[in-house]
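Biologist: Please pick one part of this model and take me through it closely. I'd like the cut-offs along the way.

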Amino acid sequence: MTQPTSIRPTGIRREIVQLPLFLQLFGVSAVSMILPSIHGLVVNDHQASRAFLYAGILGLVAFTLIAIAHAGRKPLDGALGPLLSLLSAFVFLPVFFAVPFLEALPTTRFVNVYFEMVSALTTTGATMFENPARLSNTLHLWRAQVGWMGGLLMWVTASAILAPLHLGGFEVTAQAEPGRPDDRIGARMGRITPRQRLLRTTQALLPIYFGLTLLLWLLLVIGGETGLVALCHAMSVMATSGISPIGGVAEAQVGVTGEAVMMLFMLFALSRLTFSKDTVTATQGGLMTDPEFRIGLLVVIGVPLLLFARHWIGAFEVEVEVDGTRALHALWGGLFTVLSFLSTTGFVSEHWAEAQNWSGLRTPGLVLMGLALIGGGVATTAGGVKLLRVFALYQNGVREMDRLVYPNSVSGAGAAGRRLQSNGAFIAWIFFMLFAMSLAGVTLLLTLTGASFDAAVVMSVATLSTTGPLIEHAADKPIHLIELGVAAKIILSGAMVLGRLETLAIIALMTPNLWRA
């Protein structure tokens, strides 16, 4: 059996690859500012165009100087170095992203723009600017582009960084401790370095991610949507960021047809097997036997049917004439919105309010919060606690109920099944407890800043699950983030980073022994 050949870049490319991950991301971020600069020039938004052009040039100059300073240095390929670079990217890159944004919109404060960029990069999608008209189209494009880059970053790093360290949901099926690499995997992979793994994963996933985004954009444009709105929505769906330049899908021109197309692409957030098979969570039978995808479909089908039945009974009780068209609209609105929040995208169908107008009953925001907390699949752009962890706890619960009837029975699911039902479920339960503690901590800190308890809970769930639109749709009363104090905005920014990287990854970074590995 031949081992895979390692990638050996040469020349300038080799020097760039050997730079720390954070510096590579910084250089890519500087280059990415060309697109909004060109857009601003085309639409005669010269202030925004100059801001992005100058920021991009300054970023490239700084990147070049740092790259020259690192030339010839031997890269440090530690176990947790790339993970620290990933944390640094989510914390410090938004500062660089905020510079041209603030120059193009000088009527706001830096803390607001920093929050906006953290929200976009972590694919949360919460916004300080509730009125879309306050931002120019160039700034809307930049928000969506940063969210798209954040989604790509999670796609790549989940496979290249989190999977080898058994974090991000991979710890449920791993054979090693969370945060500690498995030497057996390294032997099978030919002992490639983390940088080589990053390069290989990027080369494999970038064309898929870019191609799917381009395809969705073309379909939305063909459906009648304007180019900018279609592009922003396409990037937001693939990144599950929920960023929209017009206030949401309900204001779009494509209607149900566009929602149906976007719904198909949201399925990529339910399981990694929808776009790749190189994962330790993969099953032998393909996508339809994948537990994450099956649980996701069960939720997407079951929850809308329950909501539909609830509103049907409500309409019958108040003796409202049942209209078949309105009933179908209500059912479709439930299907699209449930999948959107399960994938932590947060788009709301234009027919989501149809059931409420039909039966007079409101759909509680707790349903949307529960969907966002469950989240999508492992190694996807979705947030939440992940479907694989839910499956592990479910399997463990079924096994325990079987033991009530047959106390001395032995599980017949095989080695992988026993791992998933015992240690995997235990680690999943630990993560749930850590998530609950994080939720309680963020809620407590927000209440100390003056927020009401209800608003604090909604904001905590929205940020930790990276589902920003929850703030608008799950609360009984409108929550205006722009009115929060500086301390509350900083807390929410930290919660978004914590929700994106997850608690186990942060704990791994705080373990001194792992740095010596």
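**A cavity and the helix beside it**

Modeller: H7 gives the most to the lining of the second largest cavity, with three residues. Helices here are DSSP runs (H or I, at least four residues), numbered from the N terminus. Keep in mind that this is a predicted model, where local features need pLDDT of at least 70, side-chain atom pairs pLDDT 80 or more, and totals for chains, interfaces and linings use all residues. Residues are numbered from 1 along each chain as its sequence is written, and side-chain values use heavy atoms, leaving out hydrogens and water.

The structure has four cavities of 30 Å³ or more, a cavity being a set of points on a 1 Å grid over the protein atoms alone where a 1.4 Å probe fits but cannot get out. Two elements give two or more residues: H7 (137-162) and H21 (486-501). By type, the lining splits into six nonpolar, two polar and three charged residues, with Gly counted as polar.

Now the largest nonpolar core: 139 residues, with Phe-101 and Trp-142 among those with the most contacts inside it. Such a core joins buried residues (under 20% relative accessible area, 1.4 Å probe, protein chains only) through side-chain atoms within 4.5 Å. H7 again gives the most, with 16 residues. Beyond its neighbours within four places in sequence, Phe-101 is in contact (heavy atoms within 4.5 Å) with residues including Leu-139, Trp-142 and Arg-143.

Definitions and conventions
On a 1 Å grid over the protein atoms alone, a cavity is a set of points where a 1.4 Å probe fits but cannot get out, and a pocket is an open set with protein on both sides within 12 Å along at least five of seven lines; lining residues have an atom within 4 Å of a point. Grid points are joined across faces, edges and corners, and a volume is the space filled by probe spheres set on the points. Buried means under 20% relative accessible area, exposed over 50%, partly exposed in between (1.4 Å probe, protein chains only).
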